[in-house]
Amino acid sequence: MLCLEARPAPSRLMSLVSPILALSITVLAGAALFVALGRDPGQALRLFFVEPVKDAYALSELSVKATPLLLIGLGLAVCFRANVWNIGAEGQFILGAVAAGGVAMSAGPETGRWIVASALVAGAASGMAWAAIVALLRDRANTNEIFVSLMLVYVAEMLLGHLVYGPWKDPAGYNFPQTVTFAEVTRVPRLFTGYRAHIGIVVALAGVVVAYFFLFRSYAGFQLQVGGLAPAAASYAGFSSRKALWLSLLASGGMSGLAGALEATGPLGQLTPHVPAGYGFAGIIVAFVGRLHPFGVVFSSMLMSMFYIGGELAQSRLGMPKSLTGVFQGLLLFALLACDTWIVQRVRWRRSQGAR
Amino acid sequence: MRLAFWSSFALASSLASTGCEKSQPPAPEHKPAETKSAEAKIEPLKVAFAYVGPVGDGGWTFAHDNARKAMEKELGGKVVTTFVESVPEAADAERVFHDMIGQGNKLIFGTTFGYMEPMLKVAVDAKDVKFEHATGYKTAENLRTYDSRTYEGAYMAGIIAGSVTKRNVLGVVGSVPIPEVIRNIDSFTLGAQSMNPKVTTKVVWVNKWFDPPNETAAAKSLIDGGADVLFQNTDSSAVLKAAAAAGKNAFGWDSDMSSYAPQAHLASAIVNWAPYYIKATKDALAGTWKTERTWWGVKEGAIDLVSISDKVPAEARAKVDTVKAGLKDGSFVIWKGPIAGQDGKEVLKKDAIADDKFLGGINFYVKGVDGPLPGAK
Amino acid sequence: MAAIAGSALMESALLIAASLHAGTILALAALGLLVNERAGVVNLGAEGMMLVAALAGFAVTVRSGNPWLGLAAGAAAGALMAAPFGLLVIWLNANQYAAGLALSLFGAGFSAFAGAPFTQERMPERVDSFAVPVVGQWPFVGPAFFRQHPMVYVAAALAILLAWFFTRSRAGLVVRAIGESPEAAHALGYPVRRIRLSAVVAGGALCGVSGAYISVVYTQLWVEGMVAGKGWIALALTTFATWRPGRVLLGAYLFGGVTMLQFYLQRRGVDVPSHLLTILPYLATILVLVSISRNATWIRTHMPASLGKPFWPGS
């Protein structure tokens, strides 16, 4: 009978092929879906994969969408490599946006450009602080970081809601739950006039390089990874798991907070109840599809952005429902997880022997 | 090795996309942007709509989409309409509007308040495109606002509520405490008081435009508090269904909701955007479009109270008809003094008529509404 | 005086009743999640399963006219969604959290997509509450507890049943054993993966019933996204209740109560900072988590040890 057995060593071939295979499966399923809905699959796929990169404006929009995904994905890649499951990146993102918004709103007529930097720093710091709660509870009280970080997402959402409905509500905004629009001086500088791409993408790409060097060229990164892969071995080697825990949570919290700050002072320009856009959860997918590797995360964040933008375009150009984006994202991750298992397992034909 | 992997991944993606392109002639799907010069052959005007919710919400967006279809039918081959639903009121909206412009749309409707800033931003760089923003307050040379006097529908519903209620307690499920909604609650109460001076109105806020489970819970709390007629400003039929489940009465809002709960349904205060959409599109076609603020009501056919149930007493029905006629010919004014606020102090003197500015900024409850106004300190 | 006290009493009875009704949604989902978490599998896809089940339940009820068929359809939908997830994480040992998230995303998208034609459909009006004879008439406790939709009583009975199952029945103890140490159970000859899959599917079915309950019983309509985060709350609830069915039930009513309390206070004219009030259940969950985790023994007795970890039968 057919059964699965663990490979003696992870298959290199499968690690290369798996994401491509997963993407192909998703694309095929998508094409089949489009045909079933009576739409031209080639055209639909073009909307997802060609339109979002076809001209400068499209690329600029892609970078705007990809920046938070990339930042969050990077942070989570580090975290997950350390076997620390930070599911609450969305909450850290929100806190980052809130803090940056608070700084931005304190700008007066005389404030200089430096306020942007302080807004971003405030955002990163708040994200870190929010993640630090998770780290503290895991460190001191052994509490599972998954549930704590998830709960803190809701707390963060409610905090935002309380602020924009209450103390931070724009007095001239007809009682709508939103803050004032931030002054121009507080907005993240754009890269090119006329396009929405801003320095966030530069910061994110810098983050990619830093993450790469940290994970693969530094001792601390090495310790962190070993701690995640083989905790017993790590402790024998004297690697501090506590250090890895704090480092990974603070790093991912800071990245998510920075992403939130960039969104608030960039495309959003104000705080509304719509700040939480699901990037914190999409970032988990980005991290996985990017194989928890900084360079991989660059590609996967672009891919996810293409799904988002493509989904919008499919709506306006083809009349396809918006829900398709979620379907594809879920499908991609599912397919990837399924394909990934072949890296460490293989199918063998065996005579059945004994109990399973 | 990893580098090789990622290059091949990138290669694969680009191959996949080029492959798709090869199998499809790269001809654009839509016609190129038209010019406004008089030509022998007139291209249809491309009109686009951005909706905040799904077309199937049965409420706000549903009403807009029905109007779009009506406009398309009325103007036939002169227009081509498209829409994008569930466009979030945030950063993404700008991209959607930009794409609409890029697709050659010359008249764009944004159907919710939250699109104000994104529309203003894209309007600056697209001077040949006309923008219509619903329920907003900022205008530009090529961006104008439009709104409907939903408070007239609320007033008429109030007339019916006042005459149907046996316990003299009315319940309202409020969405977001903005002036429009507060004005509707006030108008509803005024309408009820015109038939039954003893009624009081209780309000519960869900702080969302659309949240069926919470709308249901809010409705239940009002019913448990003694209300036997419910009203809402939220976008789904949850409140109506909750009233039906408890054997109470309620209204439809935005669209005709009578089929959701025939026993409990008293009437539906609907918004008909079709007259305005037809006018706006005709303006654009004729070149007479200019920026202004439009606020239409029963008079122009934008507001109506429909599907009035048989169980509504004839007296109330007659009153509603009188009010409708009066609004149509301008002889009846809802907001005419003396009107007192919650604290009893007069907000409108006797015979004073509230102007649009007053109405637009209403931030108080009238006498007869119980409870504090959220956010008002 | 007596009249005021009487009406206050009546109102609190009604508040309790409403909390029970709202809490049943959470209770059903959380009990389902409890079943699979006791076997060691975390299914973050609860929200997605509930959405698809809500659609299935609504569609079947509208077509057949029978709400009970709708609830059954919801259970089937939940089970059908949980099955591939189960196969993926149990047999192929994929990462449970990522797989669960994928399920959630897919479920949300798919339900919105397939459900679009159903938003215009109507369910026939019906009055559901069922008053327990005799007890339903007693002052205070009658209206508070005994005039509810039958599913409320079913959920309560289910909690009792599951409590018995996991503490007194052989099958339940085996499931718990698997949740604590699948390796030991495997060594003893139990088909660990098959039992785990059954737990995941059963849990999915219960989440499905919960989702269908929202659309078929609670709001009686279908719109996309209508579960509105209840799946995630249920996940918190299972943890908050330290994986005990009885506590899940109480916690569900408590969480449901906080939502209702907000509206009741508003209706009574109290100016509540509603957002801050809504945080309470989540903070409470964190507090409970911390308190059970501090003590190593407490964790062992409360949390299934193999939760979230992959199992390799060969090792």
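In this predicted model, the contact between chain A and chain C draws on 43 residues from chain A and 46 residues from chain C. The size of an interface is often given as the accessible area lost when the parts come together. Here, chain A and chain C bury about 4100 Å² between them, and carbon and sulfur atoms give 81% of that area. A search for salt bridges between chain A and chain C returns a count of zero. Likewise, zero residue pairs in polar contact are found across the interface of chain A and chain C, when both residues must have pLDDT 80 or more.

Which elements of chain A give two or more residues to the side that touches chain C? They are helix H5 (114-141), helix H6 (145-165), helix H11 (279-289) and helix H13 (324-344) of chain A. Of these, H6(A) gives the most, with 13 residues. Sorted by class, the side of chain A that touches chain C holds 31 nonpolar, eleven polar and one charged residues. The loop between H5 and H6 of chain A is worth a visit too, as Asn142(A) is found there. Most residues other than glycine have a negative phi, and most peptide bonds are trans. Asn142(A), however, has a positive phi of about 60° although it is not a glycine.

We can now turn to the partner on the other interface of chain A. The contact of chain A with chain B takes 48 residues from chain A and 45 residues from chain B. About 4200 Å² is buried between chain A and chain B, with 60% of it on carbon and sulfur atoms. How many salt bridges are counted between chain A and chain B? The count is four, and five residue pairs are in polar contact between chain A and chain B, both residues at pLDDT 80 or more. The side of chain A that touches chain B receives at least two residues from each of several helices, among them helix H1 (12-36), helix H3 (56-81) and helix H12 (294-318) of chain A. The largest share of that side, nine residues, comes from H12(A). By class, the side of chain A that touches chain B is made up of 22 nonpolar, 14 polar and twelve charged residues.

Side chains of opposite charge can pair when their charged atoms come close. Glu61(A) forms a salt bridge with Arg95(B), with the closest N and O atoms 3.1 Å apart. Glu312(A) also forms a salt bridge with Arg95(B), and here the closest N and O atoms are 2.9 Å apart. Glu312(A) lies in helix H12 of chain A and Arg95(B) in helix H3 (residues 91-102) of chain B, so this pair joins two chains. Over all chains, the structure holds 25 salt bridges.

Chain B also contains an open sheet of seven strands with mixed pairing, in the order S12-S10-S9-S8-S6-S7-S15. Its edge strands, each pairing on one side only, are strand S12 (303-306) and strand S15 (369-370) of chain B. Within the sheet, strand S9 (residues 249-254) and strand S10 (residues 265-271) of chain B pair in the parallel sense over four bridges. Trp253(B) stands opposite Ala269(B) in S10(B). Helix H7 (residues 212-224) of chain B lies across strands S6 (169-174), S7 (200-205) and S8 (229-232) of chain B, running at about 160° to S6(B).

Gly337(B) and Pro338(B) are joined by a cis peptide bond, with omega about 0°. Pro338(B) is placed in the loop between helix H10 (314-329) and strand S13 (339-340) of chain B.

Note on methods: Residues are numbered from 1 along each chain as its sequence is written. Chains are lettered from A and ligands numbered from 1 in the order in which they are written. This is a predicted model: local features need pLDDT of at least 70, side-chain atom pairs count only at pLDDT 80 or more; totals for chains, interfaces and linings use all residues. Side-chain values use heavy atoms; hydrogens and water are left out. Two strands pair if DSSP finds at least two bridges between them. Contact means heavy atoms within 4.5 Å. Axes are lines fitted to C-alpha atoms, for helices over the stretch in contact, and angles run from 0 to 180 degrees between N-to-C directions. Buried area is the accessible area (1.4 Å probe) that two parts lose on being put together, summed over both. A salt bridge is a side-chain nitrogen of Lys or Arg within 4 Å of a carboxyl oxygen of Asp or Glu. A polar contact is a pair of N or O atoms within 3.5 Å; within protein, one must be able to donate a hydrogen and the other to accept it, and residues adjacent in sequence count only if both atoms are side-chain atoms. Ala, Val, Leu, Ile, Met, Phe, Trp, Tyr, Cys and Pro count as nonpolar, Asp, Glu, Lys and Arg as charged, and the others, Gly among them, as polar.
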